Amino acid sequence: MSPRRSSSGGRVDRARAVRFTFDGRSYTGHAGDTLASALLADGVTVFGRSFKYHRPRGVMTAGIDEPNALVTLLKGDVREPNIPATEIEIYDGLNAVSQNRSPSLAFDVGAINQYAGKLISAGFYYKTFMGPVIGPLKGTRFWMFCEHFIRRAAGLGHAGTAADTARYERMNAFCDTLVVGAGPAGLMAAKAAASSGARVIVADLEPVFGGAAKWSANLVDGQPAPEWAAGVSDELARMENVRLLPRTTVWGYYDGNTLAALERVADHKAQPDIGEPRHRHWTIRARAVVLATGGFERPLVFPGNDIPGVMLAGAAERFAGEYGILPGERIALFTNNDSAYAAAATLKYSGATIVTVIDVRPDISAAARDLASEAGAELRLGHAVVAAGGGKALTEIKVRRFDAATGMPSGEPVSLAVDCLAVSGGWSPAIHLASQAGGKPKWDEALQAFLPPDPMQNWIGAGAFTGGTTMAEAIAEGTRAGLRAAGLPARTVRKTPEVSEPALDPSPAPVFEIRISGKAFVDFQHDVTADDVRLAHREGFISVEHLKRYTTLGMATDQGKTSNIPGLAIMADARGLAIPEVGTTRFRPPFSAVSLGSVAGERVGHIRPDRLTPQHDWHVEQGARLYAAGLWYRPMIYGAPGETVEQAYVREAKTVRGGVGIVDVSTLGKIAVQGPDAAEFLDRVYTNLFSTLPIGKARYGLMLREDGIAMDDGTTWRLGEYDFLMTTTTANAGKVMQHLEYFLDVVWPDLKVHVTSVSDQWAGAAVAGPKSRDVLAACVTGTKVDDETLPFMGIVRGAIDGAPVMICRLSFSGEMAYEVYCGAGYGLQVWEALIEAGKPFGMVPYGLEALGTLRIEKGHVTGAEIDGRTTARDLHLGWLLSKKKPFIGSVMMDREGLVAETRIQLVGVVSLDGRALAGGAHIVESGSAEKLGESIGHITAACYSPALGKYIGLALVRGGKNRHGKRAMISDPLRGRFGPIEIVNHIFFDPDGSRMHG
Amino acid sequence: MAEQLSPLGPVWKPGSHGNVAGGVGVTISETRPGSIVEAAAWHGTEKKLIAAIAKVVGLELPDGAGGGAFRNGAGAFGIAPGRFLLVDQEEGLAERLLERVPVDVGSVVDLSHGRIAIRVAGPEAEWVLAKFFAIDFSETAFPLGSGKATIHHDFFTQIQRTMPQAFDLYIFRSFARSFWQLLCRGAEDVGYEIL
């Protein structure tokens, strides 16, 4: 047993040893210990080095508010920095290292910064930006000179570079009452609400419920408070309508009573269970919230208040009461309020020698006196600690008389040998969530603290959160809050547990600082001293927001949980104002650090789902090279062994032009447009007429946005009088669907039209080439496919291999071609039947590269040209703009800017140097690799054209048609490609369309 | 006769998976109904459509979104005002329904190939589904027979409670494998069995 560990008491399991490593050295703690408690038990005093001055720092608190004892956890190659040792539950094999020190915690060269004095006081790096006004390093040069050193010296832990392999997940929860905090108030609120039948969730960031009751010496209904709390927790755990979430920090309060929480599911285990996440992010939607988040104790500001061994009185009490650890053997307490006296008694009871209690107040309550007496402590009222001494551990304190009214010390200092100084500067309610929910905190003069704002959402406060200081208040308030949250009147309470506790004075003296020369820290995590706050004041940074940013007070991982109020008090004193007149910063999420993994949840690595066509497995089996087209995976090429991409697509495209090919077009967007007004609706949506389309025919259509810009194109098939099948581009399927729904719901609710996405209902295959009809004739039953039965843009129904199909004769490739649609569940079967039927005709499957080549040769547009900037006329689709009817975009499409001669227009380009072109390359009239000319447009798509035997492309070029036959240059500096091109008509191949109509 | 092929392919791995030491938390299966159909009424014709559904599917539906019924493998639930998703073990439901739903009453779309139907059943069904959907799955908020149209990021999903501890999910077919894998991963902590 460690000398610092008492032989009994606390909730640690002394029978279970836990071995862990800190800075490479092995230690042994007990089950139930935190890293901080286990190290303290072993006599460790220094846990880390401070941010700026690299001063040795010990443990200051026992919870989430810890500013000093931040460590880095190592799991395999993964390192997670800046975790408070007070929040780490130890397990066998835990490996932690200290941070912000070099080469070691004991000897840190950065500690020399302590002697840099005023050179690195508040705002020093802002001043570094400006630099000295003379010499070679003036201005920003000085900053550039210093930056490297400042960056090396500053910062807390270092993040690793290895990928986090842990598992995370997200969870949605709904409840009638969410209780945040499971101290006495929270437990009673949960019990009251749950007993009324409400669905209750109780979340607490600690592994064990009970809050301060876990280490309190009070009696509740005659039971020791820890036992009482454990009993209520067990009772709640047995209730079916209650979900308990230990190790769960509610970190954000959002609109609609939606709260965000982080559950540390497996951080306390060497290995999570199968399927168990490390962290779980909860989104909780609660009808009512009970905020029972307790309070944070404040330190006092005096020289040497950061020496290891100086800690908060409540923390010392908790280490003794919950973990059975004495933070020192000779302990002094220094306080401005009564709560420290309870700590003194607990520490004494645990075996410590209480040297003295130093209180800035001239007089204290009778109950506090009794506790001091119980602790055997010499009482020094009207005194203050004016200095603490020691290097890596506290050895002595100096005490002088002190007038709390004037803040002036007097008399000769008295030195006392102590190894722990437990300090209390009063308590601040943890109002973070209430502040996030909206409203301005309210200053309470008696408690010298900001209390929660008036609720702007449905929350009810209880316990120390509302400023209550006794357990009896917490229990009563918690019960009332639980009932109110459940919608029951407070009088429903019959009886609440009786608490036996000392009648302490709740009001602290308004003393935050003992103003004596020396480094007195306000923000321990960022090394902000009281002098820094005064410097900010002298330099004009007097608003709390400026104070925070200039000095960094209240920043970093602890977000000023211990420092905000002392910092404000010192600024208020400097300005001669009361604290509430200086103001306070509002809190925003998160309350404490949140793992990014938990926010990502299951969306890691390949973060978006794959959409697969029914023929996907066939493509893979055939060795197709796939690439992502939005969420879809589509074949790029079906490469033969040894073929390059270009060789493959050229071969595929050539086969289509010379024989027949087949391509998977299942990804096209497909929308069922149905209803008595469907034809009228399509007339309004498309630029061209659809009401005249006969049943059993398809028509190519173009849609504009309301501003007259082209939006999407595709064919729409009339399957019945009131039944249309609209196809869209793959990329725009969702956008078009939203567009249609918007106009039906908002603009034309009188139209009787329904639109339904059927993209996944139909598998599609396009069979293209001069022999395509032969292939269909060989496998389609139930219908003829000759020119008379199935003319261009005609639709027939039949079957392939027993599966019903719908065939439309239309072409994207420019060849005679057919799109064959069948139910997606039959997709593979029909595809394979087509492949089989195509074998005698030498049919090959072709991918998107060949498809792109064929369409470039034909000058057909896609999303590369309908890019959100082009008009129908820019793309030579003016012939689709009906003059017989209005349509979406028709009013705006003739605006001056959209019909200007100088607009970009679709053209073809031909490489004149025999080298490939690339999409995105600019087109310039003149220029070179060295001197870039002015861009007159850009290439949208490019390929090697097997039909022309040249590298060609489509481009959007200013002046368009007028440049046909002219030469220009492509300029692609990113890829180092410059060269001559000729601008030509955008239709390279079969301009009269005889092949597809043949 | 052609037979519909499951979109799950190689990701369908029957058997027990995940942490089954404490028993199987959920069973996950593809229910493969014969028909999945969406039917929608015009403003004012909702009751006529509901009557037609009752005739054809044999299920009495409450008026409005979300309400539904499930019996003998046939299900129907509102997915939007005047819009219903209907499921039947027999093929040809769309055709049968069209006979009773003239164009002045509403529209009918066959989605039998367009959606995959996945059943998540078992004592941990609510827990597993709550990982994916911001929906209150408790029986009071989501009673037997009722349904919801919702989304999990990229997965548009329609869900019906078909048994006290079972939910049937309808997802776009092309997303089937991705969603199935995600669902299985989400069920690992409670242990799951693929049927």
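Okay, one definition before we start: a residue counts as buried when its relative accessible area is under 20%. Keep that in mind, and also that what we're looking at is a predicted model.

Let's begin with the cysteines. Take Cys822(A): at 2% relative accessibility, that residue counts as buried. Cys808(A) is buried too, with a relative accessible area of 0%. As a reminder, a disulfide is a covalent bond between the sulfur atoms of two cysteines. For Cys808(A), the closest cysteine sulfur belongs to Cys822(A), and at 15 Å that is too far for a bond. Cys822(A) isn't in a disulfide either; its nearest cysteine sulfur sits in Cys779(A), 11 Å away.

Now, over to where the two chains meet. Chain A puts 51 residues into the contact, and chain B puts in 48 residues. Together they bury about 4,200 Å², and carbon and sulfur atoms give 53% of that.

Which parts of chain A supply at least two residues each to the side that touches chain B? The strands are β8 (168-180), β15 (279-291), β35 (669-674) and β39 (754-757), and the helices are α16 (616-621) and α21 (827-838). Of these, β8(A) gives the most, with six residues. If you sort that side of chain A by class, you get 21 nonpolar, 13 polar and 17 charged residues.

Last stop, a helix in chain A: α12, residues 544-551. At its start, a side-chain oxygen of Ser543(A) comes to within 3.1 Å of the backbone nitrogen of Glu545(A). The buried residues of α12(A) are Val544(A), Leu547(A), Lys548(A), Tyr550(A) and Thr551(A). Why might buried positions on a helix be spaced like that? Well, an α-helix has 3.6 residues a turn, so residues three or four places apart point the same way. And what covers the buried residues of α12(A)? The cover includes α2 (124-130), β31 (528-529), α11 (530-538), α13 (564-575) and α14 (579-582) of chain A. Just after the helix, Thr552(A) takes a positive phi of about 70 degrees.

That's my tour, thanks.

Technical notes: Residues are numbered from 1 along each chain as its sequence is written. Chains are lettered from A and ligands numbered from 1 in the order in which they are written. This is a predicted model: local features need pLDDT of at least 70, side-chain atom pairs count only at pLDDT 80 or more; totals for chains, interfaces and linings use all residues. Side-chain values use heavy atoms; hydrogens and water are left out. Contact means heavy atoms within 4.5 Å. Buried area is the accessible area (1.4 Å probe) that two parts lose on being put together, summed over both. Helices (H or I, at least four residues) and strands (E, at least two) are DSSP runs, numbered from the N terminus. Ala, Val, Leu, Ile, Met, Phe, Trp, Tyr, Cys and Pro count as nonpolar, Asp, Glu, Lys and Arg as charged, and the others, Gly among them, as polar. Buried means under 20% relative accessible area, exposed over 50%, partly exposed in between (1.4 Å probe, protein chains only). A polar contact is a pair of N or O atoms within 3.5 Å; within protein, one must be able to donate a hydrogen and the other to accept it, and residues adjacent in sequence count only if both atoms are side-chain atoms. A disulfide is a pair of cysteine sulfur atoms within 2.5 Å.
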